[in-house]
Amino acid sequence: MSRIAQPLANSRLGGWALVESPQRQLADGGQQWSLIIVAAAALVAMAAVVFDIRISPGRDTAIVLPSAATISSTDAASVTQRTVAPPSSEPTDAVVAARDSGVSTTVDSAAPSGRESVSPADTPTTVAPPAAATGSNAAESTVAAALASEEAAPATAEPEIAASAAADDPASRIRKYLGLHAGAQLPVSFSYEVQPGDTATSIAERFGLEEATVLFNNWDIYNPHLLTPGQVLQLPPVNGLVYTVQPGDTLDVLMDRYLADRDATLSYPANEITSPQQIFVGQRLLLVHGSASVATPVTSTASHSQATATWTEPDFVLYLRYDKISDYFGTARANSVGYHTGVDYVAPVGELVGAAAAGVVSVATWDPSYGNWVEIDHGGGYRSRYAHLDIINVREGQWIEAGNYVGTVGNTGNSSGAHLHFEIIVNGEAVNPLAWLN
C-alpha cells in the first residue's frame with residue numbers, strides 16, 4: 001500500500017500522520033468502475049442472446065442435408081466441424097453456425113416437409129470448391145454443393161437406363177456375339193453354333209428374328225424344335241433371305257420373286273449395292289424381309305419372261321427311270337433325327353434326275369453328309385430334296401418346272417453306293433415320300 005507522511009498542522013499533539021496517496025485513491029476508484037462496466041457488458045450480451053432467440057420462434061427446424069454433409073464455422077482461434085443434427089424443437093448448432101457465418105435459412109415450399117433450402121446471404125450463386133473454402137465461405141460452399149449434388153442425382157438415372165436399353169437391342173447382341181465394337185457394320189449373314197436346348201424359336205428370339213427367317217436360311221433343319229448341338233446355322237442380322245446372285249438375275253426380279261423390301265435391300269450397308277442395275281454374279285445379298293416360301297413364282301429362266309402363276313398343292317412325281325429301293329423312310333439312323341428321312345433309289349451314276357414338282361431351287365450345293373444335293377421350294381411349306389448327286393445342273397434361285405433336269409445320280413457324301421436319296425418335307429417335317437408320290 002502506498003502511503004506518505006503529512007504534517008499534522010492542526011493537531012494539538014503536533015507531529016506527523018500517515019495518509020493514502022492521491023494516485024492510489026484514483027486507481028482504486030477506476031478498478032471499481034471497470035468491474036461495473038464489465039458486469040454490465042456481460043448482462044447486455046446475455047440479454048442479446050436471450051432476445052435474439054425469443055424473437056426467432058419460427059426457427060424450430062434444423063437444416064436437413066445428406067448424411068455426409070457438414071457445416072463449417074469459425075471460432076476465435078480455430079475452425080471446427082459440426083455434423084448437421086436431425087430436426088428438433090430448439091435451434092441446433094448447425095443452425096447457429098450457419099446463421100453466424102452469414103448463411104440464411106428459408107423454408108422451401110416445394111421441398112419435402114422438414115427440409116429447408118440454404119443459400120448464401122448477399123453472395124453470388126456460384127460456389128467455390130469446398131476444399132478451397134474456410135470459415136463462413138466453407139459453410140456456404142458445403143451446403144450449396146450438397147444440395148446441388150442431391151438434385152443432380154435423378155438426372156443421371158435416365159441416361160443410364162437409356163444406355164442399358166440400347167446395349168440390349170438385337171443389333172447390339174449380334175455385335176457382342178461376333179465380338180464387334182459398338183456401331184460396327186453388321187454383315188450380310190453370320191454363323192451360329194447350336195447350343196444344347198436351342199430351338200429355332202429360341203435362336204430367333206435371341207437375335208430379334210422371326211422363326212421363319214431361321215428356317216428359310218437353313219434348309220437342313222428337319223425339325224425346328226429338335227436341333228443338334230454343334231450344328232452351324234447361317235443367320236441374317238435382320239429378317240430376310242440371304243441369296244447368292246446367279247447369271248441372269250436382276251434386282252427387280254429378285255424383289256418380286258422373294259417379296260423383299262427393295263428400298264431396305266438397297267440401303268443395307270453390307271450389300272454394297274451402288275446401283276440397282278449393278279449387282280453381279282456371285283454377290284451375296286441380304287434380301288431384307290424376303291421370304292423363301294415362294295407362292296407365286298414370276299420368272300422362268302427358260303424364256304427370261306415375266307409370268308404369273310396361282311399356287312396349288314404340289315402333285316409329286318419322281319422323274320427317275322429306276323424304282324428299286326435300298327432303304328425306306330423311318331429306318332433307324334445315327335443322324336440328327338435318329339431315323340432315315342427319305343427313300344433311297346438304286347440307280348447307276350450319271351442317270352438323269354428330274355424335279356418332282358415345279359418350284360424355285362433353294363439349295364444347290366455340297367454337304368459332307370448329302371454330298372452334292374439340290375432342294376426345291378414348291379411353296380406353301382412344301383419342299384423336295386435330291387442328294388448324293390454326281391452332277392448338279394441347276395442354280396439357287398432358279399425357277400424350274402416339274403420334270404426339268406436337276407442333276408444326275410451319284411455316290412457323293414456319306415454314301416456306300418450309287419443311289420438317289422429323295423425327300424419330301426411339309427412345314428419343316430420330313431414325311432414318307434411314298435405316301436405323296438403319284
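Which residue follows α8, and is its phi positive or negative? Select Leu259, which comes after α8 and has a positive phi, near 50 degrees; helices (H or I, at least four residues) and strands (E, at least two) are DSSP runs, numbered from the N terminus.

Before going on, note that this is a predicted model, in which local features need pLDDT of at least 70, side-chain atom pairs count only at pLDDT 80 or more, and totals for chains, interfaces and linings use all residues. Residues are numbered from 1 along each chain as its sequence is written, and side-chain values use heavy atoms, with hydrogens and water left out.

Next select residues 251-258, helix α8, where six of the eight residues are buried, so the helix is largely enclosed by the rest of the structure; buried means under 20% relative accessible area, exposed over 50%, and partly exposed in between (1.4 Å probe, protein chains only). The buried residues are Leu251, Val253, Leu254, Met255, Arg257 and Tyr258.

Then step back to Asp249, in the loop between β9 (240-244) and α8, which counts as buried at 12% relative accessibility. Leaving aside neighbours within four places in sequence, Asp249 is in contact (heavy atoms within 4.5 Å) with Tyr243, Thr244, Leu254, Arg257 and Ile279.

Finally, select Val353, Tyr386, Leu420 and Phe422, the residues with the most contacts inside the largest nonpolar core, which has 26 residues; such a core is a set of buried Ala, Val, Leu, Ile, Met, Phe, Trp, Tyr and Cys residues joined through side-chain atoms within 4.5 Å. Strand β21 (419-426) gives the most to this core, with four residues.
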